[in-house]
Amino acid sequence: MLDAPTRDRILADIIGTYSTRQSLPLLTKSHPGIEMDDAYAIQKAFTERRVAQGRQVRGFKVGLTSKVMQESMGSTEPDFSAMTDDLFLPEDTPIDCGRFFYPLIEIEIAFVMKSALKGPGILPVDVLRATDFVLPAIEIVDFRVGPGPGMTVVDTVADLAACGAAVLGANPVRLEDIDIRKVTGQMIINGKMEHEGMSSAVLGNPVTAVAWLANKLGEFGITFEPGQTILTGSFVRAMPVKAGDEVIARFDSGLGDVLTRFV
C-alpha cells in the first residue's frame with residue numbers, strides 16, 4: 001500500500017503525460033508496493049480533478065469482462081472507470097489520432113440509464129428495469145501508463161481502466177425488443193472485417209456487466225444516475241488504429257452501424 005504523498009505524485013505524473021505526450025513506465029514496476037486500492041484511489045482523484053475543472057461524469061466503462069482477459073492481467077474480476085463528458089465523441093466525425101498515446105478500438109453495447117441504480121444487491125432484473133435503452137458503441141482504449149510486458153490490472157485501473165474515449169451510435173434500441181445476449185458485432189477497419197463476436201462474450205450477458213458495476217460502485221458509495229451511459233465491455237479483442245483509418249462497428253438486432261475516422 002502506498003502513502004498519500006506517493007499516490008499524489010503518481011496522479012501528477014499521469015496528468016503530466018498530456019503535456020509531455022510520453023506515457024509512464026508501468027506503476028507496478030516503478031512502485032512495487034502499489035495495490036488495487038491505491039489504483040482506484042488514483043483513478044478517483046483523477047476524475048475529481050477533472051470535475052473540479054468543469055467536466056461532468058457522464059458514465060462509466062467496464063473492462064476485463066472475459067475470463068481470458070482477467071487471467072492475462074492477473075485479475076479475478078472486471079475493472080471499471082468513470083468517464084467524463086469529454087471522453088464521449090460524436091459518431092462519423094474525424095478524430096485526431098494525436099490526442100491518444102497507443103489507441104486501440106473495441107466494439108461494445110452501451111446502456112443508458114433512465115433511473116438511479118446503486119449497489120449492493122443489484123440483480124440483472126434491476127438493471128432491466130433501470131435501463132432506458134442501449135446503443136452501439138466503439139471504445140477507444142488508450143494507455144497513459146505503459147503498455148508493456150508485465151502490465152497488470154493495477155496499472156490499468158490507475159490509468160482510467162485504459163479508457164481513451166468512446167463513440168456512441170445514435171440508434172437506440174429497447175431491451176425488450178432484442179435478446180441482448182445474442183447480438184452479433186463486427187469490427188470493420190478500412191473496409192475489412194477484422195473480428196466478429198457475440199454479446200454473450202461479455203460475462204455471458206452485458207446486463208450482468210452493468211449489475212456487477214452497480215454493486216462494485218456501491219462499495220465506493222457511487223450511484224448510477226439517470227442519463228448516464230455504461231460501456232459494458234468488448235465482444236472482440238482490441239485492434240490498433242492509426243491516422244487515416246476508418247472504423248465501423250456493425251451490429252445486428254437493429255442496432256446498426258457506428259462509424260468513426262482517425263486523422
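These points cover the nonpolar cores and the aromatic contacts of a predicted model.

1. Start with the main core. The largest nonpolar core holds 74 residues. Within this core, I105, F111 and F224 touch the most other members. Helix α7 (residues 206-218) supplies the largest share, eight residues. As background, nonpolar side chains in soluble globular proteins tend to be buried together.

2. A further core lies apart from the largest one. This other core has twelve residues, including M83, F133, L135 and L231.

3. Look next at I105. Leaving aside residues up to four places away in sequence, I105 touches I138, E139, I140, M187, I189, R237, A238, M239, V241, V247 and F262. Among these partners are E139 and R237.

4. Now the aromatic rings. The count of aromatic pairs comes to eight. Y40 and F80 have ring centres 4.7 Å apart. Their planes meet at 20 degrees, under the 30-degree limit, so the pair counts as stacked.

5. Where do Y40 and F80 sit in the chain? Y40 belongs to helix α3 (residues 36-52), and F80 to strand β2 (residues 79-84). The two residues are 40 residues apart, and their pair links distant parts of the chain. Both Y40 and F80 are buried.

6. Ring pairs join Y40, F80, W212 and F220.

7. R21 places its charged end over the ring of F101. The distance to the ring centre is 4.3 Å.

Notes: Residues are numbered from 1 along each chain as its sequence is written. This is a predicted model: local features need pLDDT of at least 70, side-chain atom pairs count only at pLDDT 80 or more; totals for chains, interfaces and linings use all residues. Side-chain values use heavy atoms; hydrogens and water are left out. A nonpolar core is a set of buried Ala, Val, Leu, Ile, Met, Phe, Trp, Tyr and Cys residues joined through side-chain atoms within 4.5 Å. Buried means under 20% relative accessible area, exposed over 50%, partly exposed in between (1.4 Å probe, protein chains only). Helices (H or I, at least four residues) and strands (E, at least two) are DSSP runs, numbered from the N terminus. Contact means heavy atoms within 4.5 Å. Rings of Phe, Tyr and Trp (its six-membered ring) pair if their centres lie within 6.5 Å; planes under 30 degrees apart count as stacked, over 60 as edge-to-face and the rest as tilted. A charge sits over a ring if NZ of Lys or CZ of Arg is within 6 Å of the ring centre and within 35 degrees of the ring normal.
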